[in-house]
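Q: I have a model open and want to learn how to read it. Can we go feature by feature?

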Amino acid sequence: MAGLLSDEADNGIWKGGKQMMYEGGIRVPTFAVWKNNIKANTQTTHQALTMDLFPTFCEAAGVVIPKNIDGNSMLTTLMDKPQPARDKETIWVRREGGITVGKNTTLFAGSWKILQNTPFEPFQLFDLSKDSLETTDIKKANPSVFEDLQKKMRKHIQKAGAVPWQQ
């Protein structure tokens with residue numbers, strides 16, 4: 001999954017590919033091995049991010065997890081126990097040149113996902129608990145959810161825009 005379509009990647013059932021905000025572009029399988037701790041052949045649908053590795057390793061090592069970091073420990077998932085839901089939205093912003101000049105954005109809040117795949121397309125809304133393949137944009141049927149998530153996305157973009165990334 002998350003392969004580049006122009007390189008003939010096959011992302012299976014997932015829509016899109018690398019450099020896109022659809023699941024085929026951002027969903028990446030992760031494998032973990034920890035002898036005598038992680039049960040072999042277990043799977044989860046828990047969404048995790050690279051930033052979750054640091055607090056996970058801290059918790060596994062018995063080290064106090066520093067406050068004010070963005071990641072969440074996923075140790076309970078690795079131990080094959082129910083993982084509490086993420087307590088905040090998850091946001092991706094991709095700024096690049098090439099065919100997708102500008103920024104592409106995605107925000108997850110629970111099972112809701114709002115995305116703008118390219119700066120030239122309108123935002124789309126999906127409920128991944130009902131449509132994990134992102135087949136139907138449901139923003140018109142859910143205007144209050146759409147507005148709320150779009151507002152949160154704009155706030156994040158404005159806050160991040162204040163950071164001088166390219167000087």
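Q: Which residues does Asn-117 touch, not counting residues up to four places away in sequence?

A: One caution: this is a predicted model. Contact here means heavy atoms within 4.5 Å. By that test, Asn-117 touches Met-20, Met-21, Tyr-22 and Asn-104. That list leaves out residues up to four places away in sequence.

Q: What does the side chain of Asn-117 reach?

A: It reaches the backbone nitrogen of Met-21, at 2.8 Å.

Q: Where is Asn-117 placed, and between which strands?

A: Asn-117 sits in the loop between strand E3 (112-116) and strand E4 (124-127). Its C-alpha atom is separated by 7.9 Å from that of Thr-106, and the two residues are 11 apart along the chain.

Q: How do E3 and E4 run, and how many bridges join them?

A: They run antiparallel, with 4 bridges between them. As for cover, 4 of the 5 residues of E3 are buried.

Q: Which residues make up the largest nonpolar core?

A: Start with the general idea. In soluble globular proteins, nonpolar side chains tend to be buried together. Here, the largest nonpolar core has 9 residues: Leu-107, Ala-109, Ile-114, Phe-123, Leu-125, Phe-146, Leu-149, Met-153 and Ile-157. H4 gives the most, with 4 residues.

Q: What does Leu-107 touch?

A: Again leave aside residues up to four places away in sequence. The contacts of Leu-107 include Ile-114, Leu-149 and Met-153, and also Glu-89, Thr-90, Ile-91 and Trp-112. A second, separate core has 7 residues, among them Met-21, Phe-108, Leu-115 and Phe-126.

Q: What span should H4 have, at 1.5 Å a residue?

A: The 19 residues of H4 should span 27 Å. The end C-alpha atoms are 26 Å apart, which agrees.

Q: Which residues of H4 are buried?

A: Phe-146, Leu-149, Gln-150, Met-153, Ile-157 and Ala-160 are the buried residues of H4. Now look down the helix axis. The buried residues of H4 fall within an arc of 100°, so they line one face.

Q: Which residues are exposed on the other side of H4?

A: There, Ser-144, Glu-147, Lys-155, Gln-158 and Lys-159 are exposed.

Conventions. Residues are numbered from 1 along each chain as its sequence is written. This is a predicted model: local features need pLDDT of at least 70, side-chain atom pairs count only at pLDDT 80 or more; totals for chains, interfaces and linings use all residues. Side-chain values use heavy atoms; hydrogens and water are left out. A nonpolar core is a set of buried Ala, Val, Leu, Ile, Met, Phe, Trp, Tyr and Cys residues joined through side-chain atoms within 4.5 Å. Buried means under 20% relative accessible area, exposed over 50%, partly exposed in between (1.4 Å probe, protein chains only). Helices (H or I, at least four residues) and strands (E, at least two) are DSSP runs, numbered from the N terminus. The expected span of a helix is 1.5 Å times one less than its number of residues. The arc is that of the directions from the helix axis to the C-beta atoms. A polar contact is a pair of N or O atoms within 3.5 Å; within protein, one must be able to donate a hydrogen and the other to accept it, and residues adjacent in sequence count only if both atoms are side-chain atoms. Two strands pair if DSSP finds at least two bridges between them.
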